[in-house]
Every structure is written in C-alpha cells, then in structure tokens.
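The following exercises concern the structure shown below.

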Amino acid sequence: MTISCLTTEAQRLDALHKLNILDTPPSEAFDRITRMAARLFNLPIAAVSLTDSDRQWFKSRVGIEHCSIPRIKAPCGSVADNAELLVISDLQDDAYFRDSPLAASGIRYYAGAPLVTADGHCLGAMCVLGTEPRDTTPEELTILCDLAAMVMSQIEIMHALGRVDSISGLPNRNQFIEDFQDMQRDSEDGAQRVAVLINLATPAQLAHAVRAMNPRYLDELVTDAAAWIRTELGAGRKVYHVATTQFAILTTPEMAIDRYPPLLEAKLAHAIATVKTRFVATPTIGVVPFDISNTDALNVLRRAQSAVQDAIESGTSVAMYSVGEDQVYRRRFSLLNDFGAALESPGQLRLVFQPRIDIASGECVGAEALLRWNHPTLGAIGPGEFMPIVERSRLAQAATSWVLNTALDQQLAWRHAGLVLQLSLNVSALNLLEADFADRVVEGLQRRRLPHDCLELEITESAIMEHPTKAHATLDALAHAGIHLAIDDFGTGYSSLAYLQRMPADVVKIDQSFVRGIEHDQRQQGLVRAMISLSQELGHRVVAEGVENGAALAFLRSAGCDEAQGYLFAKPMEVADFARWHQAQAAQEEAPTLNMDSALEAVERAFAMRVPRLLCTTPSPRNLLAAARRRPLIR
C-alpha cells in the first residue's frame, strides 16, 4: 500500500470516528431503512455496515445475530476501500470471496452500496445478503443506492442537526437522550447501569475566566478535556458532551459501585496535574447508579448534576449521588418557585413582631418585623429554611419590597392608634446593589408621611462585604436620608474593625450565638464585654439578641449593653398580639406610678406637718422613690 493510500485510509477512519456512531445502541431510525431493504429485495439479511480498521460493525441489522465480523475478506470492506457499488451473485463462484468468513457462514449473495460522506469518505455499505445465488436488476441497484443515501442523510442529520457538539466533536445531550432510549429498549427490566458526569469548573470560575480571557479559552478547555476523556476511555466507549463544560459517560457496573470514587479521583488528580488550567478550574465528578427500566435520560443527568454540586459544596473531587441531599435541594427549589407565587397571593405571607427592650428602663423601644410563610399545602415554612434561598435569588428584591411596604403600612396604623416605636427590617445583599433602593425606601416613608427615623434597616456583615463599594454607597444614602441602620448578627461575619468604623450604623446587634449560655461561660462573657465596649466607643448603640433568662440579662446589664431582644421578654407575635402585649406592658409601667403618686402626696403632707425643718436637709419620699426607680430592674 502506498503512502497516499495510507493517508486516505487514515482520513477515512478519522471521518468515521468523528461521527461517534461506532458501538452505539441500535436506533429505530436506521432499523426502519434496514427492514425496508430486506422487504424490497425479499432477502433474509440486510445491514448498515460500517468499516472500522479491523472489523465490520453493524449499526443496524436484520437476520444477523452478531454485531460485527472481521474486516478480512468482507465484501463491505471492499466497498469502503473503493467507494463503489459491489454486487456478488454467488460468493462461491467469486475467486476472492469464496474462502471468506462470510461465504463459510453460508452466504451466497451480496449487494452493497457505498455510504459516502459529503467530503468523499466512504464509511461502509448499505448491504443485502442471501443464502441462495441470485441476479440483480438495475431497478434493485437504484433502490439500494437510494437506501444508502437515506442512511447517509440520517447520519449527517444526526451529526449536523443537534446531535454533535461543534467544538468537542462529541455527541451532545440530544444524542445522549436518543441513545438512552435505544438502550432501554434493548435492556432487560431491572438492569443496573452507572452514569458519570464530569464537570470542568464551577460557575464562578468559568465566569471569572471568560471575563479575563477571550472566548477561545473556554473552547480550549473543552477540547482538551474531550481529548483526555477519549484517551482515558479507550476505543469502544462513548462520551457525551451534555452541557457547556460537562461530559457524561454511561457504563455498566462491572465493579462494585464504591470503587468508582477512588478510581475517578486518581484519574482526575493525574489530569489536573498535567493541564495548564489546574489553578483556575476545579474539575469535579458526580456518580449515579440507576435502574435503566425505571428512569429516563434527563432524570439521570439531573441526579448526576446533583452529585456534582455535592462534590463542589463539600470540596471533594468525586461525589456519589445522595437521595437525601437531592430531596433537600429539590424541596428548596420547589419552595423558591412557590415563594414567587406567595408574593402575589394574599394570605400566605405575613409579618410578626418581636419587641426590643431598653435594659436600663425596661421599656419597649422598638420591634423587629419578621417574615412568616404559611404554604397552602406544606403549612408553616420556617424562615430559616426559605429566607436563605430567597436572599440568594432574584426574589430577594421583591421580598424586601413586600416586607417594607407591609411594615410601613403597619407602622402607620400603629401611629394612628397611638403606638409609637421604631420598626426594624432585614435587608439582603442584593438590595444593597440596587441603584434605586435608598430612593424607594425614602419614597415609601414620604408617601405615608412617616418620619424617617421610625425605620431601622438591619444589614449583615457578609452582605456588606460581598460588594463593599456599592453597599457603602447605598448605606451612605440611607443614613443621609435619616434612616437608622443596624449591623445584624455582629460577630458571625468578617468583624472587620475598618469596616465597622466606616459604616454609618446607629446600632450593633450581637448575634444570639454569643448570648445563649453566656451566664455559664466566662470566655464568652469576656468576648461580649469587648464587643459591647468596642461598639459603644465607636458611637453605636448595642442590642443583644437571643436573651432567654434573667441571668443573661443581668450580665448584659452589668456589661453596659443598651438593649435586649429575646424570648425572656416575648416571642415574635402577630399584629394583634403585639398590640395587646405592648398595651399590657404600658399599663404595668403606669399602674404603680399612679398609685404611688397618690400615696406620696399623703406621706409628704404628713411629713411636712410633723417635721418641717427636716425637709430642708432630708430628701423627700418622692425624691427617694425617683432615685429607686432609676435603679435597674430585671423584667
């Protein structure tokens, strides 16, 4: 064979392998053509035969049990070599093919039309075979060539129209779905398989890389990964390019499932050590076993994606699919979708209010508005479950708007009823990035003719530090408008002194994790004392959250804390319950004062009549009581 022939054969094989059709499951689209060929020729055998380097592999077949035969002396191999129609009326009379494996198996008649690509590479043959010698009419040859053209059209459609990724050259998700369905038809009920999903980088890493590099960076990442995966899998194994930077492999559980993670981790570690992207991309792998008769392709990909996310979140290279983690995540996603409807449906969302108490006087000086959700089918959903996912979504802005408008309406109603106190609301990181957030808050206050200092916005440290420049611009605008600001959950985030000094905050709220159990922990007491002292030195009023008993309150009083909030005083209450609670607290404050005033007047009159000269040097009973009232009381 000459060098040019070698080059031609290499190019032909390259064209065949790029189509990724070898060793794929049977396809009904090809089987229809094969059945038609057998019926039209009235022959027992027909096949779509693809010529590999050493074999004839049948993409579709009728009347043949095996999937492939050796290429040696195979008539379809001759068709591929010459790219010409081949008809053998009787293999036993043919000098070359009479001793071929095909003739030895009892085949006497063969007719094959070449399968030729648009650029001239012959992939194999559309062939019909019989066990008796026969002649072939010109009309039959035309039919066979038409059937071959139909096969090539199907191959090209698969490759060009949504079946093969143009960058990696690998079959895409559409092909994965079709092959999965074909595999289901050929598998027994209960057959177990394993899917492996390779994720090249986290979404954040991709965003940074694409922003810093040109689009070719991502293309090179994908092509390099595709080449590595093909090399690792070897011939005969198929890999699918199912997403921009994700590849899927379907395999049989030839070894115990628990052996997959260490094997994949070792291969991944070796790959990372040898590629130029190892410092900017973190590949992860998700592994999911499944019952092929009891699922579908997209659900398998979804489970594999869940395993990939578990690997990313846990900081590991490979993760097995977890039913429990998957159910938790699906519930979160479902809740997020339902929360959007809750914002538009009256009756699902409401605010409850927890009082803030001035430690020195025992008076209620404010309340924090807290969002509650009563799901129409799931019942009460705790804020600890739904708020974290809402705050990380586009619903964060809508949720804050709902809370702000509802709280300001309630503030207006309370003021009309004579209840005057400051109302605190929580604000998310996304709200601080809204260019018009401060303007909308001010507009809400002005529309209701409420004083700006009746509102306090609580912001966590982490929310500020995610985008400090934009966050501080929004906070400065709010502070300039006279709206009070509070640092929420202080101590659980960055606790940066530089940021604490810069933020225009009026209040620092010490997180409840530092307050609970403080009466038993001296180190915790020392830390809280320092936090109170530091905050007050910087001009902030300090509020302690999570106060649940008198001993904790006593310590906070001794440490000079300004306000307290917690179950010792009241749990978060419904609107009507809060109004009744506040009215009862006010009555409790006033009742002793009115009774004591009457008694003091009588005592002072008697005191003045009997010892008038002592009045010049001795404090009056009223002054003594006033001094006593200034002493702190545990409430």
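**Exercise 1.** Determine which backbone nitrogen the side chain of D296 reaches at the start of helix α10, and describe that helix.

*Solution.* Step 1. A side-chain oxygen of D296 comes to within 3.1 Å of the backbone nitrogen of L298. The model is predicted, so local features need pLDDT of at least 70 and side-chain atom pairs pLDDT 80 or more, whereas totals for chains, interfaces and linings use all residues. Residues are numbered from 1 along each chain as its sequence is written, and side-chain values use heavy atoms, with hydrogens and water left out.

Step 1. Helix α10 comprises 18 residues, 297–314; helices are DSSP runs of H or I with at least four residues, strands are runs of E with at least two, and both are numbered from the N terminus. From first C-alpha to last, α10 reaches 26 Å, close to the expected 26 Å (1.5 Å times one less than the number of residues).

Step 2. The buried residues of α10 include V300, L301, A304 and V308. Here buried means under 20% relative accessible area, exposed over 50%, and partly exposed in between, with a 1.4 Å probe and protein chains only.

Step 3. Just after α10, G315 adopts a positive phi of about 75°.

**Exercise 2.** State how the axes of α11 and α12 are arranged, and which residues make the contact.

*Solution.* Step 1. The axes of α11 (residues 323–344) and α12 (residues 383–391) come within 10 Å and cross at roughly 75°. Axes are lines fitted to C-alpha atoms over the stretch in contact, and angles run from 0 to 180 degrees between N-to-C directions.

Step 1. The two helices are therefore roughly perpendicular (65 to 115 degrees; under 35 is roughly parallel, over 145 roughly antiparallel, the rest oblique).

Step 2. The contact (heavy atoms within 4.5 Å) is made by R331, R332, L335, L336 and F339 of α11 with E385, F386, I389 and V390 of α12.

**Exercise 3.** Is D52 buried or exposed, and which side chain does its own side chain contact?

*Solution.* Step 1. D52 lies in the loop between β1 (45–51) and β2 (55–62).

Step 1. With a relative accessible area of 8%, D52 is buried.

Step 2. The D52 side chain makes a polar contact with that of H17 at 3.1 Å. A polar contact is a pair of N or O atoms within 3.5 Å; within protein, one must be able to donate a hydrogen and the other to accept it, and residues adjacent in sequence count only if both atoms are side-chain atoms.
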